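Let's take a walk through a two-chain protein model, one piece at a time. Keep the picture open while you read.

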Amino acid sequence: MTTDAETPTAAPAELRAARRGRVFDAMAEAALDALVLSRRDFVAYASGASGLWTGGTRPFGAACVLLADTRAVHLLSTWDEGVPPEIPFEHLYGVTWNPAVMGRALGAIPGFGTARRIGVDGLSVGFEKAARRLAPNAELVPADDLLQAVRAVKLPAEVDRIRAAVAVAAAAVDTAAGALADGAAPEEALAAALRGVAAAGVTVPASAPVVAPADPSGSLVHVDFGLLVDGYEGGVGRTVARSGAGVGADAGAGGAVAGAADAQHRLVEACRPGAAASDLRAAAGGASAWRVRGNGLGFEPPVVTGSLGEGTTLVDGMVLSVEVQVGSARRRDVVAVAAEPRSFSPPLPE
Amino acid sequence: MLATRLAEHRAPAASIDVDRLQRDRHARLQAQLERQGIELAVLLHGPNVGYATSLPTRAVDVTHAVYERPVAVVVAGEDQPHLFWDDAGAHPAVLQHPAVWPELDEGAALLGGEMVELAGGLAGRRVAVDVQTGAMLRAGVFAEAGLVDGSQLVAGAKIVKTPDELACIAEAQRRNEVAMEAVQRAAQPGVTRSELAGVFLARLADLGVEASMIDPIFQPMPRSVGDGPRTTTGSVAFPTGVGNPTFAAGDVVWVDAGIDHLGYASDFGRTWIVGRDPNRAERRLFEQWCEVMVRVLDVLAPGVTGGELVRAATAAGAAVPPGTSRPWLPHFYLAHGVGVESAEMPLLGTDLGPEFDDGMVMAPGMVLVLEPVTWEEGASGYRAEEIVAVTDDGWCHLGGGHGYEPFAA
C-alpha cells in the first residue's frame, strides 16, 4: 500500500516503466508470446498495481497477463483503485468464482488464444486445462526463473525504496529495543513497535515480527522486523538486552552479541561481485546458523546457506538480506553487493 | 432483534482437542483419496498443508511463504501424513522430514526424489497436487503422473467441519472481536487508516495473537458509487486495500479483518460512523441489513439449499447496491464458508449462478459467513459479517457476540 514513509527519489511512473520494460525485454529474449502471473510480487513488478495484502500463499490464478506483441498488461481487478494509469480500464477483468467466466475473460484478451509460448510463474491443474483449451497451440513454459533473473539486479530507484524500507524496519527495532530497555515485556515491546511503524503508514509484514526471549534467562531478546514498504522489503534484526539484565553482567550473552556482530561484519564484507557460495560459507565460518538471500519485493533468490545455493555468483547491484546467529544472538541486515559492501541499516544502539 | 437471535443461538466456548482435530482431518483426507481414487496428495498451498498436518499458516508475505514453504504429503492408506519442514511445532502425529525448498531448482529435484522414496515411481499414478512451482515443472517432478487438482481433494474433505474445527473458528472470531473494541474507540476524526491498523495489530500482540492474515481494512465509503473507484461491475469497490485515508467526522467506514487461531480464520466485518451517530438513512440501511440476516437465519437448517437462502435474502426487499438486484456485492457473495481459508466453500450467491446455489445443500457442520450489503445512492451502505454453523436442527452462532455500535448495542 501507499505510505507516508520517506519519499524515494525516482517518480513511481518511471520505476514502473523501467520494470515493465525489463519484463517485456526478457519475454522477447525467451520468445514468450504471453506471460501469466499469479504471485503478488511478480504482478506488482510487472504491472505496478497494488492491492489488498493477505498473508501466506494464495491458490494459483491468472492475476496478470502480459502480451509480447502489443506490450499490453491485463489485470485481474474489479476496480481501478491501485491500478496505474498506463493500464487502461478496458484491460481489467473482475474477480470471479466461476472458471467459465475467467475463461471468457482470458479468451477475450487479444493475442492470448493464438499464443504459441505462454510463460507461467507456477501452475495448477485447473489453469493448465483452461490454458490448453483457450490457447490450444500454446506450450506452457515455467518463467519464474526468468523473472527472478530480471529482478535480481536492482534499479537505482529500487535500491532507494529498499533503503527507505530498511529505515522503517530499523525504527521498529529501535522502538522495541527502547521499550525492552525500559522494562517492557516482549509482547508490550512488539505492540509499541507495530503501533510506531503503523503511525508512519506501514502495516504489512514481510517476515513474521519477532520480539522473543533469546535464552532461558530472558536476559537477551531477539528483535527482528521485516516490513513491506511500498511493496519492497526492509529487514533489520538484533538481539538486545532486557532492562535489569544487562549484557555486561553476563559474559556469555555479551560474547554472543559481539560474536554475532563480528560474524555479520565478515559476511557483509564477503558480499562482493564475483563472490561464490563457497566464499560466503568461508566468511560465515564462526556462525552457528546463517543465510544470505535476495531482498527486493520480499524474499527473493539467490538463497545461499551451508547446503543451498551451490553455483551462486553474486553480481554488482544485487541486494541481499544477510542473517546470522552466534550462540543466542542473531543479526539481520540488508546489503547491496558492491566492491565496498555496506549495510543499509542505520546505526542502532548495541 | 438480530442481536438477540444470535445470542440465543450462540455456541458456548468449547475446548479444542488438537490431537482429535489432526486425527479427524487425516481420516477425512484418506476418505477423499479413496473416493477419488487418488494414491498420493502433494500439498504446497499453506492452508492445505495446515489441514493435512496441523502446521498453522504463517502471517508472512507470499514471497516468504513460498520460498520457506512447508510441503505436506498424504499417501493413501497410511496412518500419518508427511511434513517437509525444518522448524519445531509440527504435530506429533506427523512424520517430519527436512524442508525441501521446492521454489528452488535444487529443492524441486530433491522433492521429486523424496516422492519416489515415499510412494515409489509416479509414472501413470493418480497424484493430487494443488500447485506446482516453476522449479517443479522444470524438474518434471510430476511429468509422468496423472495429475488431479489437490485443492479439490482438500475442498471435499473440509466442507463439513468437525466440532474441534468449529471451536477453532469461534475462538478466532472471539479474539478478533476483542481486539476490535479498542480500535473502534480510536476511530475518531483525524485518525488515519494505518493508525487504526496499528491499534489493532498492537492489541493482537497484547492478546498473544500472531496471525493477522490480512492488512486490516478500514475503508471510508463513498456516498454514491460514482464518487468511488470505477468498477467492472458498476457497483461498489470494496475492499481496495489501497491508500491511507485520514477519517473525517461523518465518514462511513467499512471494517474487515481476519486472524487465525490454530490455523483457522476469523472474519470480522462491521460498519462504523466516525465521530457522530448514524443519520436516518444510515439507520434505515442498518435495519434493512438486519432484516436480510433474519430472513436467512429463519430458513437456515440442514437440507435447505443455497438457492433458498439466496432467495430469502433477496425477498427481504432491502435497498441493494447498484449493478445488482440482490443485497450483497456482485463480485462477492451472500455467504462464504470459512475454515483453514478465509473464504472457502460453500459460496452462496456468487457468479457461479442459481444452479450452483440450488445444488449446494446445507449439512450439519457447514459454516457460513453471512455478509449482506444494503446500499442507497447518496447515503452509502451498511455491511457487516456474522459467522454461523449449520447444526442438526438449525444453526448456531460462532464468536463472542459483538455489538453494532453506533447503530445498536
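## A strand and its partners

In chain A, β9(A) and strand β10 (residues 232–241) pair in the antiparallel sense over ten bridges. Helices (H or I, at least four residues) and strands (E, at least two) are DSSP runs, numbered from the N terminus, and two strands pair if DSSP finds at least two bridges between them. Before going on, some bookkeeping: this is a predicted model, where local features need pLDDT of at least 70 and side-chain atom pairs count only at pLDDT 80 or more, while totals for chains, interfaces and linings use all residues. Residues are numbered from 1 along each chain as its sequence is written, chains are lettered from A and ligands numbered from 1 in the order in which they are written, and side-chain values use heavy atoms, with hydrogens and water left out.

Back to the strands. V221(A) sits opposite V240(A) of β10(A). The hairpin of β9(A) and β10(A) has two residues between the strands, and D230(A) there takes a positive phi near 50°. β9(A) also pairs with β8(A), antiparallel again, through four bridges. In that pairing A212(A) stands opposite H222(A). The hairpin of β8(A) and β9(A) has six residues between the strands, and G218(A) in the turn has a positive phi of about 75°.

How many of the ten residues of β9(A) are buried? Ten of the ten are, so β9(A) is largely enclosed by the rest of the structure. Buried means under 20% relative accessible area, exposed over 50%, and partly exposed in between (1.4 Å probe, protein chains only). In a regular strand the side chains alternate between the two faces of the sheet. Here, L220(A), H222(A), D224(A), G226(A) and L228(A) point one way, while V221(A), V223(A), F225(A), L227(A) and V229(A) point the other way.

H222(A) turns up again among the contacts of R330(A), which also include G237(A), R238(A) and T239(A), leaving aside neighbours within four places in sequence. Contact means heavy atoms within 4.5 Å. R330(A) belongs to strand β14 (residues 329–336) of chain A and counts as partly exposed, at 38% relative accessibility.

## A helix beside it

Helix α7 (residues 186–199) of chain A has 14 residues and reaches 20 Å from its first C-alpha to its last, close to the 20 Å expected at 1.5 Å a residue. That expected span is 1.5 Å times one less than the number of residues. Its buried residues include P186(A), L190(A), L194(A) and V197(A). What do the buried residues of α7(A) pack against? They meet α6 (156–181), β8 (210–213) and β9 (220–229) of chain A, together with α9 (193–207) of chain B. After α7(A) comes G201(A), with a positive phi near 95°.

Now compare a helix pair in each chain. Axes are lines fitted to C-alpha atoms, for helices over the stretch in contact, and angles run from 0 to 180 degrees between N-to-C directions.

| Helix pair | Axes come within | Crossing angle |
|---|---|---|
| α6(A) and α7(A) | 8 Å | roughly 145° |
| α10(B) and α11(B) | 8 Å | roughly 145° |

α6(A) passes α7(A) in a right-handed crossing, and α10(B) passes α11(B) in a right-handed crossing too. A crossing is left-handed if the near helix is turned anticlockwise from the far one by less than a right angle, and right-handed if clockwise. By class, the contact of α6(A) with α7(A) has ten nonpolar, one polar and no charged residues. The contact of α10(B) with α11(B) has seven nonpolar, no polar and two charged. Ala, Val, Leu, Ile, Met, Phe, Trp, Tyr, Cys and Pro count as nonpolar, Asp, Glu, Lys and Arg as charged, and the others, Gly among them, as polar.

## Two sheets in chain B

One open sheet of chain B has five strands in the order β14-β13-β15-β18-β19, with antiparallel pairing. β14 (344–348) and β19 (395–398) of chain B stand at the edges with a single partner strand each, so one side of each is left without a neighbour in the sheet. Neighbouring strands of this sheet are turned by 30° against each other on average, direction ignored.

Another open sheet of chain B has six strands in the order β4-β3-β2-β1-β5-β7, and its pairing is mixed. Within it, strand β3 (residues 82–84) of chain B and β4(B) pair in the parallel sense over three bridges, with F84(B) opposite H97(B).
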